[in-house]
Amino acid sequence: MSIVAQQLNYIYNKGTPFEKHALCDVNVEIGDGEFVAIVGHTGSGKTTFVQHLNALIRLQSGQLKVGDIDLTEKKTDLKKLRGMVGMVFQYPEYQLFADTVEADIAFGPKNIGIDGEKIADIVRESLDLVGMSESVLKKSPFDLSGGEKRRVALAGVLAMQPRILVLDEPTAGLDPQGKREILSLVKKLNRERGITVIMVSHDMNEVFENVDRVIVFREGKVVHDLPPRDLFRMEEDIVNMNLEIPYVAQFLNSLEKHGITFDEDIRTVDQAFEAVNGLKGGK
Amino acid sequence: MFRDVTFGQYYPSDSFVHKMDARVKLLLNLVYLVGIFFVVSFVGFAWITLFLLVAILASRVPVRNVLKSVKGVLFLLFFTVILNIFFTKGDNLLVKWWIIEIYAEGLIFAGKMFLRLSYLVIGSSILTLTTTPVDLTHALESLLKPLTWIKVPVHDLALIMSLALSLIPSLINETDRIIRAQKARGADFDTGGLIKRAKAFVPILIPLLVSSFRRAEELAFAMNSRCYEGATHRTCMRVMKLSWRDFLGTSVVLVFFVAVFIVYGTQTTWGTAEQLGWLYF
């Protein structure tokens with residue numbers, strides 16, 4: 001499932017004094033199976049952009065194709081689209097509502113018209129995918145801990161069996177352990193199931209470690225679209241945009257200033273450690 | 001979905017009316033609301049129209065915004081007019097068809113009801129357009145202060161009101177968010193019968209309720225941790241003060257309504273055409 005957006009423009013409160021240009025000529029192409037991060041300051045248009053992908057915000061001008069669905073057309077098969085593009089909002093645990101975890105996870109698949117018999121299996125599978133045991137199926141989602149709630153909410157989206165997963169700050173408000181779990185799950189979905197993942201994030205360390213490509217939004221425009229290593233080499237630019245430079249990137253950048261470069265793709269502290277160690281051995 | 005809902009209709013400006021004391025405006029509005037019930041003739045309504053125009057001019061709110069407030073009660077107005085036209089009996093039969101009888105008195109009465117109700121709304125909206133909800137709450141608290149003597153917890157009530165008001169925008173945002181989230185899960189609010197549609201709101205209402213309780217609890221903690229202990233020894237950051245505007249505004253309104261009272265007050269307010277003579281029309 002690929003996404004092609006061309007000349008996307010969006011204006012909030014069009015024709016009123018409160019007019020706000022949220023997207024300006026956005027051109028983005030995201031291929032099947034990519035793991036992309038979307039970053040930018042608050043109000044940079046990133047949320048507006050991702051909400052276009054499953055037609056929560058309807059197209060104002062420009063072209064947008066998601067898989068084989070053309071959102072430029074007036075009539076869109078919303079059920080199909082929303083089944084295809086799973087969207088996990090910020091603090092998704094706040095959208096839980098059903099009596100039991102089972103019913104809550106089943107809400108999405110039921111809505112998009114998946115067979116009743118299949119749903120029970122899908123629910124179990126999704127729960128397993130997010131690393132929770134079946135014993136919680138009959139529990140009320142409100143009795144779970146914060147991290148568990150979030151995983152159930154995530155399972156509720158995964159149960160719709162999306163080919164594209166959009167996550168809006170999936171790790172906000174979680175402890176480090178919870179963050180790692182969610183991220184490794186998302187990574188697994190991307191690597192093993194080939195799901196295209198688009199992650200909106202403010203945590204540049206998280207972005208640097210996980211994604212293949214970073215799209216930077218600023219005042220409604222796409223200003224950068226690069227692999228993380230290349231992006232965070234532009235230290236001044238990043239700081240100007242009120243973004244931080246990941247620790248590992250900072251380290252690599254300062255080594256580069258001293259003429260030390262590596263061939264391997266270094267994302268984590270451990271990898272950097274290995275690489276530096278190798279350097280010492282070599283010299 | 002809810003982005004367009006603005007609560008309260010405050011129209012920011014720094015006009016004469018905006019700068020008046022909220023307490024004075026509240027009281028004058030009461031005078032107006034009572035006063036308008038004394039007016040029984042179209043001539044009287046013409047005077048009220050003039051009065052409203054002066055007030056609107058002094059408040060520098062566009063007339064369009066003021067008239068918008070009537071939209072909310074349009075249904076009620078429509079109903080009142082229809083009922084009065086068809087069910088008022090009188091002496092001058094105009095139309096008789098099948099079981100429908102329309103009298104001249106009915107038409108006149110319906111017309112007056114229409115004017116009276118819409119003028120009630122327009123007058124009050126001048127208050128809400130020129131006064132922020134927070135100022136209104138303060139005004140109410142200040143005016144009701146004497147009731148503390150008979151143990152009415154005025155301060156607490158005012159606090160509850162202002163908290164409720166301040167929570168409304170965030171609740172609207174929250175609702176918007178939850179609707180989007182459930183829509184993303186394929187929820188459908190726009191098709192199906194009445195029961196199906198009502199049921200479709202459960203996935204919105206429950207999370208909303210849960211989050212309201214959470215918010216309320218967090219707020220209570222926050223207030224407790226800052227040693228909030230109710231009305232005792234609390235002062236206001238902005239002290240309300242009367243100015244020349246308040247005296248001028250009050251004089252104008254009072255003079256006008258004293259005149260209204262002198263002309264109409266001596267008559268039976270809801271009297272018949274014969275009793276009122278020319279004043280009726």
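In this predicted model, Val66(A) stands opposite Ile69(A), a residue of strand S5(A). The two strands concerned, S4(A) and S5(A), pair in the antiparallel sense over two bridges, and they form a hairpin with two residues between them. Within that turn, Gly67(A) has a positive phi of about 60°. Strand S4, which spans residues 61-66 of chain A, also pairs with strand S1, residues 3-12 of chain A, again in the antiparallel sense but over five bridges. One point at which this pairing can be followed is Val4(A), whose bridge partner in S4(A) is Lys65(A). In a regular strand, the side chains alternate between the two faces of the sheet.

The loop between S4 and S5 of chain A also holds Asp68(A), whose side chain meets that of Lys80(A) in a salt bridge with an N to O distance of 3.5 Å. Asp68(A) counts as exposed because its relative accessible area of 56% lies over the 50% cut-off. Lys80(A), with a relative accessible area of 40%, is partly exposed.

A second salt bridge in chain A joins the side chains of Arg150(A) and Glu93(A), at 3.0 Å from N to O. Arg150(A) lies in helix H5, residues 146-158 of chain A, whereas Glu93(A) lies in the loop between strand S6 (85-88) and H3, so that this pair links parts of the chain 57 residues apart. Both Arg150(A) and Glu93(A) are buried. Elsewhere in chain A, a network of salt bridges links Glu102(A), Arg124(A), Glu134(A) and Lys138(A). Side chains of opposite charge can pair when their charged atoms come close. Over all chains, the structure holds 19 salt bridges.

How many residues of chain A are in contact with chain B? There are 23 of them, and they are in contact with 18 residues of chain B. Between them, chain A and chain B bury about 1,800 Å², of which 57% is on carbon and sulfur atoms. On the side of chain A, the residues that lose the most area to chain B are Tyr94(A), Gln95(A) and Phe97(A), which together account for 32% of what that side buries.

The count of salt bridges between chain A and chain B is one. It is formed by Asp104(A) and Arg185(B), whose closest N and O atoms are 3.0 Å apart. By class, the side of chain A that touches chain B has 13 nonpolar, seven polar and three charged residues.

Chain B itself has 12 helices and two strands. Read along the sequence, its elements follow the pattern α-α-α-α-α-β-β-α-α-α-α-α-α-α. Of its 281 residues, 35% count as buried. Among contacts in chain B between residues at least 6 apart in sequence, 73% join residues at least 24 apart.

Helix H6, residues 104-130 of chain B, contains Arg116(B), and the C-alpha atom of Arg116(B) is separated by 7.1 Å from that of Ile36(B), which is 80 residues apart from it along the chain. Is Arg116(B) buried or exposed? Arg116(B) counts as buried because its relative accessibility of 5% is under the 20% cut-off. The other place is the salt bridge in which the side chains of Glu174(B) and Arg215(B) meet, at 2.7 Å from N to O. This pair links helix H8 (residues 154-184), where Glu174(B) lies, with helix H10 (residues 202-225), where Arg215(B) lies, the two residues being 41 apart. Glu174(B) counts as buried at 6% relative accessibility, whereas Arg215(B), at 25% relative accessibility, counts as partly exposed.

Notes: Residues are numbered from 1 along each chain as its sequence is written. Chains are lettered from A and ligands numbered from 1 in the order in which they are written. This is a predicted model: local features need pLDDT of at least 70, side-chain atom pairs count only at pLDDT 80 or more; totals for chains, interfaces and linings use all residues. Side-chain values use heavy atoms; hydrogens and water are left out. Helices (H or I, at least four residues) and strands (E, at least two) are DSSP runs, numbered from the N terminus. Buried means under 20% relative accessible area, exposed over 50%, partly exposed in between (1.4 Å probe, protein chains only). Two strands pair if DSSP finds at least two bridges between them. Contact means heavy atoms within 4.5 Å. Buried area is the accessible area (1.4 Å probe) that two parts lose on being put together, summed over both. A salt bridge is a side-chain nitrogen of Lys or Arg within 4 Å of a carboxyl oxygen of Asp or Glu. Ala, Val, Leu, Ile, Met, Phe, Trp, Tyr, Cys and Pro count as nonpolar, Asp, Glu, Lys and Arg as charged, and the others, Gly among them, as polar.
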